[in-house]
Amino acid sequence: MKYVVVTGGGMSGLGKGVTSSSVGVLLQACGLRVTCIKIDPYLNIDAGTMSPFEHGEVFVLQDGGEADLDLGNYERFLDVTLTSDNNITTGKINRTVMEKERRGAYLGKTVQVVPHVTDEIQDWIQRVAHAPVDVCVIELGGTVGDIESCPFVEALAELSYRVGDFCLIHVSHVPVLSAVGEQKTKPTQHSVRTLRSLGLAPNILACRSNSPLEGYAREKLARSCHVSSGSVLSLHDVGKNVWRVPILLRDQKAHEAVLRVLNLDVKEPDLKEWTARAELFDALVEPVRIALVGKYMGLTRINKDAYFSVEKALLHASVALRKKLAVDWVPAEDLEDGTAQEKLKGADGILVPGGFGDRGVEGKILAAKHARENRIPYLGICLGMQVAVIEFARSVLLDMQDANSTEFDAETKNPCVVFMPEGSRTHVGGTMRLGSRRTYFHHNDHHDVGCMAARLYGNVRHRYEVNPEMVARFEEAGLWFSGRDESGERMEIVELGEHPFYVGVQFHPEFKSRPGKPSPVFTGKTQILIN
């Protein structure tokens, strides 16, 4: 097995995830089979209980694992399916070590970070990398030198000696001080020095900067960090088109630098299809505006990471339909002052994503109402489907003006959405209905129109569901539950028959969307959402 490890120094947010994914794409284009591992040094078992404000989106894997959004980057770029084992956290490692200690697996020895924790990290990596692949790309989250990441750095240093074929790419920032006007290499030099002091030496430097790396900066970094000038890569800004990053690396012969360290001799990378998609993205002119009505928008800035996969799925669909995507980020709470008509004006489609808690829910309900009454294409995901059902009950079923979810009003007399019977009310981590599930389409005698939803499958992530006791009334009034689970009792897809496109899904189709393979519910198939 060959290993490519990506670390970061100096600061967070340098784009290690995109770098790791892009290196994977480049190696894949050389004909190699690639998998990815993300190491998150936090103590949480997984990302499932983390606030989207602080951590961004929780990406749900096919086996139900809740992970960092970088796992979504890997899946989309490489078109692979990963599992929870591809995401290592300090919490997972510590739990495994403690369980072994309780079973007496260490034969009475004093359990320590070295060797027991570091051995467990290496064993985990090698177990995942044992799959039928050629190269395993490992991204170490956080910044080198952080206290939290020290056991992982030590484990990777030991692994580099154990396995031999080990290429380390270090991502760092090369800033330009406005007063001086030149690229400064000292932050990278310091982060490499920190990395070396911990037992790891970089083979390749990936330098993040606003503009292409200057020749003098490249030579200075090569000399001071003990790498060849051909192994100093410029990862300058490519604007909104991250699909340009693998091409940027290819043009600098990054694959040759990696393959040389890994002792591999393979074909030149074939990025024809990837390049065509990137160029199409840049050439798009005709706009399509989608109002994304969410609650995790931040107080002072739009927190796009909270809806990272949703935005990417919209992008995949818009490119497939030859439209230039423009997302209007609409905080749900802003609609609660009665200005939905004005703030959603001009949108070609309205998307209401998932979320938890009652803050902003009334705004989401108003967004669903605006889309229904004005015949604007609407897609509701998870909570977005539930608010569509609540709004329909309040507005159309005349005796249900107080309809609600028991999540928001436990005493509501008309509970359209109720707590799932198998859910836990005392534990929040790992207790939702997670992972890929099969959805079956349901014929409805009240509607003589074809099922608008394609045969979809997705990652279900929720604790609340449409009240099955009310389904018959909804369908008689025109709201059709066209997709159900295998029992026929859990509603997974809802449609409004007399609307151009009004669809709600209980699952998360955005996690299955890929560049060139957009999720059907985002393109709409027969009834196009963004047309």
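A crossing is termed left-handed if the near helix is turned anticlockwise from the far one by less than a right angle, and right-handed if clockwise. The model is predicted, with local features requiring pLDDT of at least 70 and side-chain atom pairs counted only at pLDDT 80 or more, while totals for chains, interfaces and linings use all residues. Residues are numbered from 1 along each chain as its sequence is written, and side-chain values use heavy atoms, leaving out hydrogens and water.

Helices are DSSP runs (H or I, at least four residues), numbered from the N terminus. Helix 1 (residues 16-29) and helix 3 (residues 70-78) cross in the right-handed sense. Their axes, lines fitted to C-alpha atoms over the stretch in contact, with angles from 0 to 180 degrees between N-to-C directions, come within 9 Å and cross at roughly 25 degrees. The two helices are therefore roughly parallel (angles under 35 degrees). Contact means heavy atoms within 4.5 Å. On helix 1, Gly17, Val18, Ser20, Ser21, Ser22, Gly24, Val25 and Gln28 meet Asp70, Asn73, Tyr74, Phe77 and Leu78 of helix 3.

Helix 1 also packs on helix 9 (residues 244-251), at about 65 degrees and with axes 9 Å apart. This crossing is right-handed. Val18, Ser22, Val23, Val25 and Leu26 of helix 1 meet Val245, Pro246, Leu249 and Arg250 of helix 9.

Helix 6 (residues 150-163) has 14 residues. Its first and last C-alpha atoms lie 20 Å apart, close to the expected 20 Å (1.5 Å times one less than the number of residues). Buried residues (under 20% relative accessible area, 1.4 Å probe, protein chains only) are Phe152, Val153, Ala155, Leu156, Ala157, Leu159 and Ser160. Gly164 follows helix 6, with a positive phi near 85 degrees.

Key. Parallel < 35°, antiparallel > 145°, perpendicular 65-115°, else oblique. Buried < 20%, exposed > 50% of the residue type's maximum accessible area, 1.4 Å probe, protein only.
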